[in-house]
Every structure is written in C-alpha cells, then in structure tokens.
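Me: I would like to go through a structure feature by feature. Please give the general idea first and then the case at hand.

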Amino acid sequence: MGKNRIETNSEEQTKLLAEKIATLLKPGDVLTLEGDLGAGKTTFTKGIATGLGISRTLSSPTFTIVKEYEGTIPLYHMDVYRLEGSDEDIGFDEYFHGNGIAVVEWAQFIEDYLPLERLNITINYLDEESRVIEFEPIGDHFEKVVKEITG
Ligand SMILES: Nc1ncnc2c1ncn2[C@@H]1O[C@H](COP(=O)(O)OP(=O)(O)O)[C@@H](O)[C@H]1O
Ligand SMILES: [Mg+2]
C-alpha cells in the first residue's frame with residue numbers, strides 16, 4: 001500500500017479506522033467521501049459516529065440530504081447524490097463552517113461549495129470484503145490526522 005492508503009478487509013475494519021479518525025477531528029472539520037454505490041461511504045460514516053460517541057443508529061440520508069446527530073461534537077451526515085447537476089445551496093455554510101463535523105457522501109457533486117481545507121477520502125472496491133481507502137488531506141490539520149493513522 002502507498003503512503004496515504006489503507007486496505008481494510010471487513011466492514012468492521014473500515015468502521016474501526018473511521019472511529020480512530022473521528023477522535024482526531026475538531027469542530028468545523030469537513031470530510032468528503034467518494035466511491036461507487038456500495039463502496040462503504042455510509043459504513044465509514046458509521047465509524048465516525050461511533051468515534052464521536054453517537055449511539056443513535058446512523059442510516060443513509062439519501063432522501064433527506066442531511067442528517068444531524070448529537071455527539072461529543074455534532075455530526076452532519078450528508079448524502080448529496082441527489083444534487084448532481086444542480087447548483088442549489090441548501091445552506092452549506094452552516095454545515096461547513098459550523099460547530100460540527102461534516103461528512104459528505106458524493107461530495108464531487110457539490111465541489112463548488114466545499115471549503116478548501118478538508119480531508120478527501122476515496123473508497124475503492126477490491127473484492128466483496130476488501131476496500132482500499134485513500135486519503136487526500138488538504139491543510140496542515142488534516143495532514144497531521146492522516147499521518148497519525150497511516151503511521
Ligand atoms: N471492507 C469493507 N469496508 C466497508 N464496507 C464493506 C467492506 N466489506 C464489505 N462491506 C459491505 O459493503 C457495503 C457498503 O455499503 P455502504 O456503506 O452503504 O456503501 P455506500 O454508502 O458507499 O453506498 C456494506 O454492505 C458493507 O457490509
Ligand atoms: Mg451511502
């Protein structure tokens with residue numbers, strides 16, 4: 001595996017990795033998730049939720065775009081798949097410059113609204129139980145976060 005990539009071999013491993021990342025995050029942080037349907041974006045977000053001490057079950061927000069959860073830091077779980085090709089601003093500022101952590105599935109569809117400093121995560125399918133998770137940190141804070149988890 002290259003420097004900023006981690007292979008996971010089960011849903012549980014992906015969740016644990018995300019859980020570890022969550023403990024390194026701070027209010028206002030933005031994580032983007034790209035990857036095909038079934039890659040593991042929602043699974044990864046579940047791990048983030050656990051790491052933030054959220055006990056409520058996290059479900060896919062496909063029909064609501066944003067779901068908010070109360071944790072040690074609030075979590076804004078966004079799935080912007082339905083915004084493909086639209087330039088509608090659903091109040092992104094509140095989510096990206098607020099007191100919570102925003103995790104955005106299909107972030108490529110709202111590229112123009114994303115803050116510059118963020119952690120881009122791409123999940124690639126290897127086989128039924130294996131994924132390669134690639135990190136692209138933008139900014140000092142996220143570079144530190146990625147260093148912590150990739151060693
Ligand atoms: N290593 C892995 N990491 C994440 N998910 C995995 C892994 N192996 C198998 N899976 C399965 O892949 C599916 C991922 O679904 P989901 O997280 O909803 O994807 P997405 O949100 O990207 O569409 C789940 O059924 C999960 O159990
Ligand atoms: Mg999903």
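**Reading a helix and a metal site**

Reply: This is a predicted model. Begin with helix H1, whose buried residues are Thr14, Leu17, Ala18, Ile21 and Ala22.

Me: Why do the buried residues of H1 line one face of the helix?

Reply: An α-helix has 3.6 residues a turn, so residues three or four places apart point the same way. In H1 the buried residues fall within an arc of 145° when seen down the helix axis, and therefore line one face.

Me: How far does H1 reach from its first C-alpha to its last?

Reply: The span is compared with the one expected at 1.5 Å a residue. H1, with 12 residues (11–22), reaches 17 Å, close to the expected 16 Å.

Me: Which residues coordinate the magnesium ion (ligand 2)?

Reply: For a metal, read off the donor atoms and then place their residues in the chain. Here OG1 of Thr42 and OE of Glu105 coordinate the ion at 2.2 to 2.3 Å. Thr42 belongs to helix H2 and Glu105 to strand S5 (residues 101–105), so the pair ties together parts that are 63 residues apart in sequence.

Me: Are Thr42 and Glu105 buried or exposed?

Reply: Both Thr42 and Glu105 are buried.

Me: Which side chain does His77 join in a polar contact?

Reply: The His77 side chain makes a polar contact of 2.7 Å with that of Glu105. His77 sits in strand S4 (residues 75–79) and has a relative accessible area of 0%, so His77 counts as buried, the cut-off being under 20%.

How values were computed: Residues numbered from 1 in each chain as written. Chains lettered and ligands numbered in written order. Predicted model: local features only at pLDDT ≥ 70, side-chain atom pairs only at ≥ 80, totals over all residues. Heavy atoms only, no water. Helix = DSSP H or I, 4+ residues; strand = E, 2+ residues; numbered from the N terminus. Buried < 20%, exposed > 50% of the residue type's maximum accessible area, 1.4 Å probe, protein only. Polar contact = N/O pair within 3.5 Å; in protein donor to acceptor, adjacent residues only side chain to side chain. Expected span 1.5 Å × (residues − 1). Arc of directions from axis to C-beta. Donors = N, O, S within 2.8 Å, 3.2 Å for Na, K, Ca; no water.
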